[in-house]
Amino acid sequence: MPRIVYSRHYNIGFFGLERLHPFDSRKYGRAWKLLRQHFGSSLSQLHADPNRAASRDELTLVHSPEYLTRLSDPKYVAGALEIPLIRHLPSWVIDRHVLRPMRWATRGTIVAANEALIHGFTVNLSGGYHHAKPDHGEGFSIYSDIGIAVASLRAEQHIAEDARIAYIDTDAHQGNGVCHTFMNDNRVFIFDIFNARIYPMFDVDARKRIDCDVGITNTTSEAEYLGELRDRLPGFLDSVGRSPIGLAIYNAGTDVIAGDPLGKLNISAAAIRERDLFVVGELRRRDIPTVMVLSGGYTKQSFKLVADSVIGLVEMEIAAGGET
C-alpha cells in the first residue's frame with residue numbers, strides 16, 4: 001500500500017504574521033482534512049508519522065554548521081522567508097513557530113524516502129523546499145529536505161552509494177537550491193519544467209546543472225505544457241535508467257495554476273491532476289520507488305489541488321497492486 005506522511009506539526013502559524021506571505025502555511029492540515037473525508041478510517045492504514053523533527057545531525061548531512069548558526073539571526077531568516085516583519089521577533093519565537101515546523105517537514109521527507117523503498121510510492125504532505133542551498137536559504141526554503149533525504153538514505157546504506165536518483169520538478173519556479181545541492185553529484189539527474197521568466201531566473205549556474213531543462217513562459221498554453229511534459233519526461237527517464245534508478249523524487253508544485261500570483265502560468269486544476277498522474281505513472285510503471293513532495297502553491301485552492309492529486313495517485317497505486 002502507498003503511504004502518506006503527515007504530522008500536525010507541519011502547519012505554520014505565528015500570531016497571523018504568516019498571512020503576510022502568499023504561501024498557505026497551513027495547507028498541509030487542510031489537505032489532510034480532505035483526505036480524511038475521502039478515505040475515512042482507511043486513511044490510518046496509509047498514514048506514516050515522522051514522529052519528530054529533523055535532528056541537527058540530519059541537517060548537517062547537507063547544511064554547513066555556519067549556515068545553521070545564521071538561522072538564529074531574525075534578520076537573515078526574515079530575508080530567506082520573504083517576510084520582513086519577523087525580523088523584529090525573538091529568534092526563539094521564529095524557531096518554534098516557523099523553523100521547527102520546517103524541520104518536521106524535512107524529517108517527513110526522510111521518512112517518505114525510506115517508506116518509498118518499501119512500499120513503492122509515498123507522499124510527504126509538505127516539503128519540497130527546492131530553493132534551499134547548502135549554505136543559504138531563500139524563497140521560503142530554509143532546509144534542503146530533498147538533499148537531506150538522499151544523503152540520509154546513503155548514510156544509512158538504504159540505497160547503494162552509486163545508485164542513480166531521478167529528480168523531477170514541476171513547480172512553476174526552477175529548483176535552483178536542488179541544483180546547487182547536487183551541483184557536483186553525477187548520481188543525481190534533474191528534470192525541471194518551469195516558468196523561465198520568474199525567480200530565480202538570474203541563477204545561471206543552477207540552470208546549467210539541469211539535465212533536462214524545459215523552460216516555458218506565461219504564454220505557454222495548457223496543451224503545450226502537458227505536451228512538453230509528455231514529450232520530454234519519458235526520454236529523460238529512459239536515458240537515466242540505463243542503470244537502475246534507486247529512487248525518484250517528484251516535486252509537484254501547485255503554483256502553476258492559473259491565477260497564482262507568483263507562478264504566473266495558466267494551468268487548470270484538471271491539468272494539474274493529469275500532470276501528477278502522468279509523472280508518477282511514468283515512474284511507477286518503470287518500478288521506480290517514488291517520493292512526492294508538495295513545494296509551492298500561492299492560492300487559496302492549493303490545498304484542494306494537493307488533495308485531489310493525492311487521492312488520484314493513491315487510488316492509482318492501489319489499483320495497480322500498490323505493494324512492491
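This is a predicted model: local features need pLDDT of at least 70, side-chain atom pairs count only at pLDDT 80 or more; totals for chains, interfaces and linings use all residues.
Strand S1 covers residues 3–5, and two bridges join S1 to S2, the two strands running parallel.

**The sheet**

Strands S1 and S2 belong to an open sheet of eight strands, paired in parallel and arranged in the order S2-S1-S3-S8-S7-S4-S5-S6. The edges are formed by S2 (47–48) and S6 (212–216); each has a single partner strand, so one side of each is left without a neighbour in the sheet. In general, the strands of a sheet pair through backbone hydrogen bonds, in either a parallel or an antiparallel manner.

| Helix | Residues | Strands it lies across | Angle |
|---|---|---|---|
| H10 | 222–240 | S4 (164–169), S5 (188–195), S6, S7 (245–251) | about 175 degrees to S5 |
| H12 | 302–319 | S1, S3, S8 (290–293) | about 160 degrees to S3 |

Helix H5 is mostly covered, with six of its eight residues buried. These buried residues are Pro74, Tyr76, Val77, Ala78, Ala80 and Leu81. Helix H4 (65–70) and helix H6 are included in what covers them.

The axes of H5 (residues 74–81) and H6 (residues 91–119) come within 11 Å and cross at roughly 35 degrees. The crossing of H5 past H6 is left-handed. On the H5 side the contact is made by Pro74, Val77 and Leu81, and on the H6 side by Ser91, Ile94, Val98, Leu99 and Met102. Classified by residue type, this contact has seven nonpolar residues, one polar residue and no charged residues.

H5 is followed by Glu82, which has a positive phi near 65 degrees.

**Ala116 in helix H6**

Ala116 is found in helix H6. This residue counts as buried because its relative accessibility is 1%, the limit for a buried residue being under 20%. Ala116 and Pro289 are 173 residues apart in sequence, yet their C-alpha atoms are 5.3 Å apart in space. Leaving aside neighbours within four places in sequence, Ala116 is in contact with Phe121, Thr122, Leu247, Pro289, Thr290 and Val291.

**His131 and helix H7**

His131 is placed in the loop between strand S3 (121–124) and helix H7 (145–155). His131 is buried, since its relative accessible area is 4%. Not counting residues up to four places away in sequence, His131 touches Glu138, Gly139, Ser141, His173, Gln174, Asn176, Gly177, Tyr199 and Pro200.

Helix H7 is largely enclosed by the rest of the structure, because ten of its eleven residues are buried. The buried residues are Asp145, Ile146, Gly147, Ile148, Ala149, Val150, Ala151, Ser152, Leu153 and Arg154. H7 is followed by Gln157, whose phi is positive, near 60 degrees.

Methods. Residues are numbered from 1 along each chain as its sequence is written. Side-chain values use heavy atoms; hydrogens and water are left out. Axes are lines fitted to C-alpha atoms, for helices over the stretch in contact, and angles run from 0 to 180 degrees between N-to-C directions. Helices (H or I, at least four residues) and strands (E, at least two) are DSSP runs, numbered from the N terminus. A crossing is left-handed if the near helix is turned anticlockwise from the far one by less than a right angle, and right-handed if clockwise. Contact means heavy atoms within 4.5 Å. Ala, Val, Leu, Ile, Met, Phe, Trp, Tyr, Cys and Pro count as nonpolar, Asp, Glu, Lys and Arg as charged, and the others, Gly among them, as polar. Buried means under 20% relative accessible area, exposed over 50%, partly exposed in between (1.4 Å probe, protein chains only). Two strands pair if DSSP finds at least two bridges between them.
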